[in-house]
2 protein chains.
Amino acid sequence: MVKPWKELDRQVLVSTRIFNLEKRRSRSETSGTEVDFLVLDTPEWVNVAAVTPENRLVLIRQYRAGSDKIAVEIPGGACEPGEDPAAAAARELLEETGYEAESYTVLGEVRPNPAFMNNRCFTVLAMNARSTGRTDPDEDEEIEPFEMPLEDFAGLLREGHIDHALVWAAYLHMLFHGLLPPP
Amino acid sequence: MVKPWKELDRQVLVSTRIFNLEKRRSRSETSGTEVDFLVLDTPEWVNVAAVTPENRLVLIRQYRAGSDKIAVEIPGGACEPGEDPAAAAARELLEETGYEAESYTVLGEVRPNPAFMNNRCFTVLAMNARSTGRTDPDEDEEIEPFEMPLEDFAGLLREGHIDHALVWAAYLHMLFHGLLPPP
């Protein structure tokens, strides 16, 4: 039976705006082996599945520094300290797209990478989302919001137009909740 | 129209066993704004959907330092430099579970996080996988392989027993390829 390892010591290697990189000296309770695990101490994240009254999905197009490409995604971002996922979703949706919704419901959560990240990513359904015409992106964000029929979501994933794993998880949360037809 | 940013300078902040953390000074081609993007320079990853002749899925149970929990996942890991995803999948499957398959086929890929990671994660289908009875995990890995009927995969995700976003993507790759019934 596998057991949790015991943390012996923790050291912050680098502190950045979006995470801290830590080294966690840990000991196996099975073998006694000691190793240094690298962990990104990261805020919780949200992804927003915003659906308009016309049953259209709100998407964004933006430059992503990791991939060095323009990406199509759904809106999202990091929760502020103490901010619940529904509130974070409402804030990120408004900042990135200028849309406001009538309701924000957490559909589920995944872990972006439990091997070395300690956070979760929540999928939040934002129903009856409408554009206010205003956006307020961060200085490192240039974002182009657009809409597509909700039934086209699967095709964007399948054909590789959307390749962000956390957007894939959001799609699956919607599918599991019966909000989309089976692919 | 959003445009890619131009990289001006790159600095490695920390070099680790599993990634390099870099700061990439970049300039917006739209506004002229300059910012430092943080990027994890990370090897390509693979996730292995290994299916036995009895149509059972090979899973693993292991401690994950990021979540500080025991996790259920499918086997996977990082590609070695120059190693193609199918070969990496065969190697990781054998090391972590002791299984060997008759064929290894890339079903698709996602980006774990294009915002700040530059790598892709490939889902590799390993057909007719059988246990050799030997495993060879790394020293920081204590892994318990087990099998479940393939049709139980969706339930493990839906009920939160599997919460790793990249395993969710692997499930969806199988679903898109018609290897699983619609949920």
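## Helix H1 of chain B

Helix H1 of chain B covers residues 85–97 in this predicted model. Helices here are DSSP runs of H or I with at least four residues, strands are E runs of at least two, and both are numbered from the N terminus. H1(B) has 13 residues and reaches 17 Å from its first C-alpha to its last. That is close to the 18 Å expected at 1.5 Å a residue. The expected span is 1.5 Å times one less than the number of residues.

Several residues of H1(B) are buried, among them B:Pro85, B:Ala88, B:Leu93 and B:Thr97. A residue is buried if 20 or more other C-beta atoms lie within 10 Å of its own, exposed if 12 or fewer, and partly exposed in between, with C-beta atoms placed from the backbone. B:Ala89, B:Ala90, B:Glu92 and B:Glu96 are buried as well. Just after the helix, B:Gly98 takes a positive phi of about 80°.

## Basis of the model

This is a predicted model, in which local features need pLDDT of at least 70, side-chain atom pairs count only at pLDDT 80 or more, and totals for chains, interfaces and linings use all residues. Residues are numbered from 1 along each chain as its sequence is written, while chains are lettered from A and ligands numbered from 1 in the order in which they are written.

## Chain A overall

Chain A has three helices and 12 strands. Its C-alpha atoms fill a box of roughly 60 × 40 × 30 Å along the principal axes. Of its 183 residues, 45% are buried. Take the contacts between residues at least 6 apart in sequence: 62% join residues at least 24 apart. Two residues are in contact if their C-beta atoms, placed from the backbone, lie within 7 Å.

The domain assignment gives chain A domain 1 (6–41) and domain 2 (45–176). Such bounds come from an automatic or database domain assignment. The C-alpha centres of domain 1 and domain 2 of chain A lie 30 Å apart. Their contact takes five residues from domain 1 of chain A and four residues from domain 2 of chain A. The domain 1 side has four nonpolar, no polar and one charged residues. In these classes, Ala, Val, Leu, Ile, Met, Phe, Trp, Tyr, Cys and Pro count as nonpolar, Asp, Glu, Lys and Arg as charged, and the others, Gly among them, as polar.

## Interface between chains A and B

The contact takes 55 residues from chain A and 55 residues from chain B. Helix H3 (165–176) of chain A gives the most to its side, with seven residues. Other elements of chain A each supply at least two residues, including strands S1 (6–15), S2 (20–27), S3 (34–41) and S9 (103–110). By class, the chain A side has 31 nonpolar, 11 polar and 13 charged residues.

A:Ala71 lies in strand S6 of chain A. A:Ala71 is buried, with 20 other C-beta atoms within 10 Å. Leaving out residues up to four places away in sequence, A:Ala71 touches A:Gln62, A:Arg64, A:His164 and B:Pro114.

## Sheet S1-S2-S3 of chain B

In chain B, three strands form an open antiparallel sheet in the order S1-S2-S3. Strands S1 (6–15) and S3 (34–41) of chain B stand at the edges with a single partner strand each, so one side of each is left without a neighbour in the sheet. The twist averages 25° from one strand to the next. Axes are lines fitted to C-alpha atoms, for helices over the stretch in contact, and angles run from 0 to 180 degrees between N-to-C directions.

Eight bridges join S1(B) to strand S2 (residues 20–27) of chain B. Strands count as paired if DSSP finds at least two bridges between them. B:Val12 has B:Glu22 in S2(B) as its bridge partner.

## Strand S4 of chain A

Strand S4 (residues 45–51) of chain A is mostly covered, with seven of its seven residues buried. A:Trp45, A:Asn47, A:Ala49 and A:Val51 lie on one side, and A:Val46, A:Val48 and A:Ala50 on the other.

S4(A) runs antiparallel to strand S7 (residues 76–78) of chain A, joined by three bridges. There, A:Trp45 is the bridge partner of A:Ala78. S4(A) runs parallel to strand S10 (residues 121–127) of chain A, joined by seven bridges. A:Ala50 is the bridge partner of A:Ala126 in S10(A).

## Positive phi in two loops

A:Asn128 lies in the loop between S10 and strand S11 (130–131) of chain A. Its phi is near 55°, a positive value in a residue other than glycine. With 12 C-beta neighbours inside 10 Å, A:Asn128 counts as exposed.

B:Asn55 lies in the loop between strand S4 (45–51) and strand S5 (56–64) of chain B. Phi of B:Asn55 is near 65°, again a positive value in a residue other than glycine. B:Asn55 is exposed, with 9 other C-beta atoms within 10 Å.
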